Amino acid sequence: MSAFWDTYQSTAQKLDVKDQLHMLSPQDTPVSQGLGRTRATGVIHEWLTITMASATAQGLVSNEGDSFTYASADMASETRRQNRVQTFVSTWKVAGITNAAQAYGRTNEFALRKMIAMKRWKTAVEVDLLDNSASGAGSSGSGNGRLMNGLRAQDGLSATAATTGSAPIDEENLNSLLQLMYEQEAAADKVVCAPYVKRQVSRLVGAGPGIPLIIENGAKILSNSIDIYDTDFGRVQFIPSIRLSVKSEVIAYRNEYNKLAVLREPSARATPNDGDFETGAIVGDLTFEYLSVMGLGRLRRVQSAGGA
């Protein structure tokens, strides 16, 4: 019998590990990235809004030769609004020997952890923007920082998909909210919903022969997805979000009425090393500025899971 040597006996085989790193966690932040930016100059951000007096039939008619009249009710009223500026911090810490050792999918462990910290920072802003329902003043030494009000805390209008329990979103209950906003001259152009609710929205195109057929480079594509919907009250874009904590609520807003007010732009800074650990932090402060509470609305009691 001839002697042989194969991989079953060898202990010198290299591991078959692909030298590439794949980020598996979703990091999309469509709501915060889609808002405009403005500047904050203090820990309490304030701004003024002006509301015009409602127009009435023949309200400004004047007869020839009439004297001018003046009434405070005819003047536009000013409202002073505010929101607390929230500090967001994302840190990382890498042992010196870990950074020196070679690893698959990266050339520098410290740089990789910095990139991950930046993504965590962006995601945290998106979550708090959508879900913070009450602001907090914070206190020195308590470990509790200031909290800003998010979209859910400032909605001025709401409707329900069902009186009790829940019901699937449909044109009737969605338009009931959009109509309320339109009547306040704050027509929505963005709608944020949970992924399951987005599936229900796509069913508005119907089924079978009602589903659009798209021909692209000779390929026939059956599409039942709705991303932009022309409603009776304007065109709205649907944004499915995994960041919503209350899946049974749909948030509608007018994009131009809402901004992120930034005090300190997010920046990476080197922090004091901890023994043989190299450390760093992403730090930035911002808050949510809304020009009109009527430009924010919620549709509640929406079916958010199969059979729910």
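1. Strand 6 (residues 190-193) and strand 10 (residues 234-240) run parallel to each other, joined by four bridges; two strands pair if DSSP finds at least two bridges between them. Strands (E, at least two residues) and helices (H or I, at least four) are DSSP runs, numbered from the N terminus. Within this pairing, Lys 190 lies opposite Gln 237 of strand 10.

2. The model is predicted: local features need pLDDT of at least 70 and side-chain atom pairs pLDDT 80 or more, whereas totals for chains, interfaces and linings use all residues. Residues are numbered from 1 along each chain as its sequence is written, and side-chain values use heavy atoms, without hydrogens and water.

3. The open sheet comprises six strands in the order 5-14-11-6-10-9, with mixed pairing. Strand 5 (157-160) and strand 9 (228-231) each have a single partner strand, so one side of each edge strand lacks a neighbour in the sheet.

4. Helix 5 (residues 195-202) is largely enclosed by the rest of the structure, because six of its eight residues are buried (under 20% relative accessible area, with exposed over 50% and partly exposed in between; 1.4 Å probe, protein chains only). Among them are Tyr 196, Val 197 and Val 201. The buried residues pack against strand 6, strand 10 and strand 11, contact meaning heavy atoms within 4.5 Å.

5. The charged end of Lys 93 sits over the ring of Phe 277, 4.7 Å from its centre. The criterion is NZ of Lys or CZ of Arg within 6 Å of the ring centre and within 35 degrees of the ring normal. Arg 254 is likewise placed over Tyr 257, at 5.6 Å from the ring centre.
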